[in-house]
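Dear colleague,

Please find below the structure that I am handing over to you. My findings follow directly after it.

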Amino acid sequence: MINSNNILDKLSRFPILFLSSILLLCLIDIATLYSVGGGDFSMWASKQLISLLISSTIIIILGISDISHIYKYSYVMYLIGILLLIIADIIGYTAMGAQRWIKIGGMTIQPSEITKPFLIVALARYYNDIDINLIGNIKTISLKPALKIS
């Protein structure tokens with residue numbers, strides 16, 4: 001069962017000033033897109049608002065999550081990212097001459113942007129798990145992470 005006191009405690013430690021500043025900039029961005037769209041919210045601003053709501057939800061979920069779950073599934077997340085890149089290459093949507101977008105519903109996503117944080121988390125796990133004396137070894141730095149993660 002989820003402990004509501006634990007969740008409230010984690011939420012109380014969120015950097016409110018920092019997140020409020022980011023939210024303000026996002027809202028200014030949405031207002032600008034609304035203005036550039038000639039007062040038409042559906043032209044660009046609605047997509048930006050949907051992206052803001054989705055990303056805010058993800059930030060809150062990650063902020064209250066137990067980091068051990070992220071650690072445990074880091075290689076799985078990276079594998080999902082790689083699969084998304086392969087899907088984009090096979091059936092991706094071409095925009096501005098590059099086939100790197102996937103259409104999901106009414107939105108298009110760029111898998112490379114999703115894969116970047118997954119790669120960071122997977123590499124963090126990899127370097128956390130190896131012996132500290134092996135970190136300076138060129139084989140440990142270059143070849144083994146690529147083989148182990150891929």
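Lys116 is partly exposed in this predicted model, with a relative accessible area of 45%. Its salt-bridge partner is Glu113, and the closest N and O atoms of the two residues lie 3.0 Å apart. Glu113 is likewise classed as partly exposed, at 44% relative accessibility. Both residues belong to helix α6; because Glu113 and Lys116 are three residues apart there, about one helical turn separates them.

In total, the structure holds three salt bridges.

The remaining salt bridge joins the side chains of Asp9 and Arg13, with 2.7 Å from N to O. Here Asp9 is partly exposed, with a relative accessible area of 37%, and Arg13 is exposed, at 57%.

Helix α6 also takes part in a helix packing that I would like to bring to your attention. Helix α5, formed by residues 74-91, packs with helix α6, formed by residues 111-129, at an angle of about 150°. The axes of the two helices are 8 Å apart. Angles over 145 degrees count as roughly antiparallel, and α5 and α6 are therefore roughly antiparallel to each other. The crossing in which α5 passes α6 is left-handed.

Which residues in α5 and α6 meet? From α5 the contact includes Ser74, Tyr75, Met77, Tyr78, Gly81, Ile82, Leu84, Leu85 and Ala88. From α6 it includes Pro111, Ser112, Ile114, Thr115, Phe118, Leu119, Val121, Ala122, Arg125, Tyr126 and Asp129. By class, this contact of α5 with α6 has 14 nonpolar, four polar and two charged residues.

Two of the residues named above link both parts of this message.

With kind regards

Conventions: Residues numbered from 1 in each chain as written. Predicted model: local features only at pLDDT ≥ 70, side-chain atom pairs only at ≥ 80, totals over all residues. Heavy atoms only, no water. Axes fitted to C-alpha atoms, helices over the stretch in contact; angles between N-to-C directions. Helix = DSSP H or I, 4+ residues; strand = E, 2+ residues; numbered from the N terminus. Parallel < 35°, antiparallel > 145°, perpendicular 65-115°, else oblique. Left-handed = near helix turned anticlockwise from the far one by under 90°. Contact = heavy atoms within 4.5 Å. Nonpolar A, V, L, I, M, F, W, Y, C, P; charged D, E, K, R; others polar. Salt bridge = Lys/Arg side-chain N within 4 Å of Asp/Glu carboxyl O. Buried < 20%, exposed > 50% of the residue type's maximum accessible area, 1.4 Å probe, protein only.
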